[in-house]
Every structure is written in structure tokens, then in C-alpha cells.
Amino acid sequence: MSTPARYDVVARLLHCLIVALGVAQYLIGWTMPDVHRDTQPVGLIAAHLLVGTALVAAMVCRVLWRVTHRPPADTLSPTMRKLSGATHFALYALLIVVPLLGWINASSRAWAVTLLGVLPLPALSEAGSQFGHAMGDVHGVLAWVLFAGICLHVAAALAHRFVLRDQTM
């Protein structure tokens, strides 16, 4: 099987979808009210749950697509290839783990979590679970780690385009 010259249309569309969902999620997350003991999942909080589950679904599709389709050939040095691989792995992992931690937290609050507002999803922790509540804090911290990783990814893409002037992007 030959190595493609660039990512295929499905991979690029999934990338764009995940970027759009990520931007929406951060905008909602920054503007939604703080979650307290008696907070109900309405308004921006409900939107945050909706986008989070869509993000998990999109990431599952992206991972499945990536596992079954070869990425384009690169001309990176071995060191850059390792850094790129580690960064991409961390982004993929965080883009799955961060929403899952939010889902665990939502479950501990006895909030219904649905995929696209239609398909009910199972609770990932018991209502009132201290573990689930603690995962909400971890969710918040790792969301900032993910944001930093996204910034690094964007900076690297821009460096390849405008500084190195290679064909990576």
C-alpha cells in the first residue's frame, strides 16, 4: 500500500470538525456559569455537555480512521518525528480523556448525558460519587493542559509553513 502525499478528505474533514467543536467547547466553557452543588444542566451547561459528547464521538471516528488509513509521508528529522508523534498522541489522548472526565463528573451530579441530545449515554459514575466530583476538578485542569497542547500544535504548524517553509502543513 503506497503512502499518500497528503491527508485524505475524511481525515481533513474530521480535523476541521474537531477544531470547530473544540473552539465551541472552549467558548462555552469560558462563558458558562460555575458549576456548584445544586447547579442544573441547562443553558450553556447543557450546550457544554452536548458539544463534549459530540467531541468524544468525533474523536472515536478520527482514531478509527487514523488506525485504518496511512498518514502522508513526512520529511521530518528523527527528532522532529518523535516530537510530532508525542504531541499528536497527547492531543488525541486529551481530546478523549478531558470530555470523558466531564462525563464522569456529570454522571456524579445525576445529569443525563446524551449524544447529540438524542441518544442517552450510560452514567460513568454513581450519583453523588466523590470520585466523580473530583474528576470534575481534573477535567478543568486537563482542559488547560489541552489548550496549551493545541497552542503548541498551532505554533508548530505555523512554524512549518512560514519559518521552515516545508510541506508538513
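1. A word on terms before we start: a residue is called buried under 20% relative accessible area, exposed over 50%, and partly exposed in between, using a 1.4 Å probe and protein chains only. By that scale Cys-151, with a relative accessible area of 39%, is partly exposed. Please keep in mind that this is a predicted model, in which local features need pLDDT of at least 70 and side-chain atom pairs count only at pLDDT 80 or more, while totals for chains, interfaces and linings use all residues. Residues are numbered from 1 along each chain as its sequence is written, and side-chain values use heavy atoms, with hydrogens and water left out.

2. Cysteines. Taking a disulfide as a pair of cysteine sulfur atoms within 2.5 Å, the count comes to 0 disulfides. Cys-16 is in no disulfide, and the nearest cysteine sulfur, that of Cys-61, is 15 Å away. For Cys-151 the closest cysteine sulfur is in Cys-16, at 18 Å, which is too far for a bond.

3. Helix 1. Helices here are DSSP runs of H or I with at least four residues, strands are runs of E with at least two, and both are numbered from the N terminus. Helix 1 (9–31) has 23 residues and reaches 33 Å from its first C-alpha to its last, close to the 33 Å expected at 1.5 Å a residue; the expected span is 1.5 Å times one less than the number of residues. Its N-terminal end is capped by Asp-8, where a side-chain oxygen lies 3.1 Å from the backbone nitrogen of Val-10. That is a polar contact, meaning a pair of N or O atoms within 3.5 Å; within protein, one must be able to donate a hydrogen and the other to accept it, and residues adjacent in sequence count only if both atoms are side-chain atoms.

4. Buried residues of helix 1 include Ala-11, Leu-14, Ile-18, Leu-21 and Gln-25. Contact means heavy atoms within 4.5 Å, and the buried residues of helix 1 pack against helix 2, helix 3 (78–108) and helix 4 (130–164).

5. Nonpolar cores. A nonpolar core is a set of buried Ala, Val, Leu, Ile, Met, Phe, Trp, Tyr and Cys residues joined through side-chain atoms within 4.5 Å. The largest has 16 residues, of which Ile-18, Leu-21, Leu-55, Met-59, Leu-95 and Leu-146 touch the most other members. Helix 1, helix 2, helix 3 and helix 4 each supply at least two residues of this core. A second, separate core of 7 residues includes Ile-45, Leu-49, Trp-103 and Trp-111. Leu-55, leaving aside neighbours within four places in sequence, is in contact with Ile-18, Leu-21, Leu-95 and Pro-99.

6. The loop between helix 1 and helix 2. Is Thr-39 buried or exposed in this loop? Thr-39 lies between helix 1 and helix 2 (44–68) and counts as buried, at 17% relative accessibility. A polar atom of the Thr-39 side chain lies 2.6 Å from the backbone nitrogen of His-36. Not counting residues up to four places away in sequence, Thr-39 touches Asp-34, Ile-45 and Trp-111. Asp-34 lies in this loop too, but counts as exposed at 59% relative accessibility.

7. Two backbone angles to look at. Most residues other than glycine have a negative phi. Ala-110 has a positive phi of about 65° although it is not a glycine; Ala-110 is found in the loop between helix 3 and strand 1 (114–115) and is exposed, with a relative accessible area of 58%. Arg-165, also not a glycine, has a positive phi of about 55°. Arg-165 sits in the segment after helix 4 and is exposed at 64%.

8. Aromatic pairs. Rings of Phe, Tyr and Trp (its six-membered ring) pair if their centres lie within 6.5 Å; planes under 30 degrees apart count as stacked, over 60 as edge-to-face and the rest as tilted. The whole structure holds 5 such pairs. The rings of Trp-30 and Trp-144 have centres 6.1 Å apart and planes at 35°, so this pair is tilted. The pair links distant parts of the chain, with Trp-30 in helix 1 and Trp-144 in helix 4, 114 residues apart. Trp-144 and Phe-147 form an edge-to-face pair, 5.9 Å centre to centre with 80° between the planes. Ring pairs join Tyr-26, Trp-30, Trp-144 and Phe-147 into a cluster.
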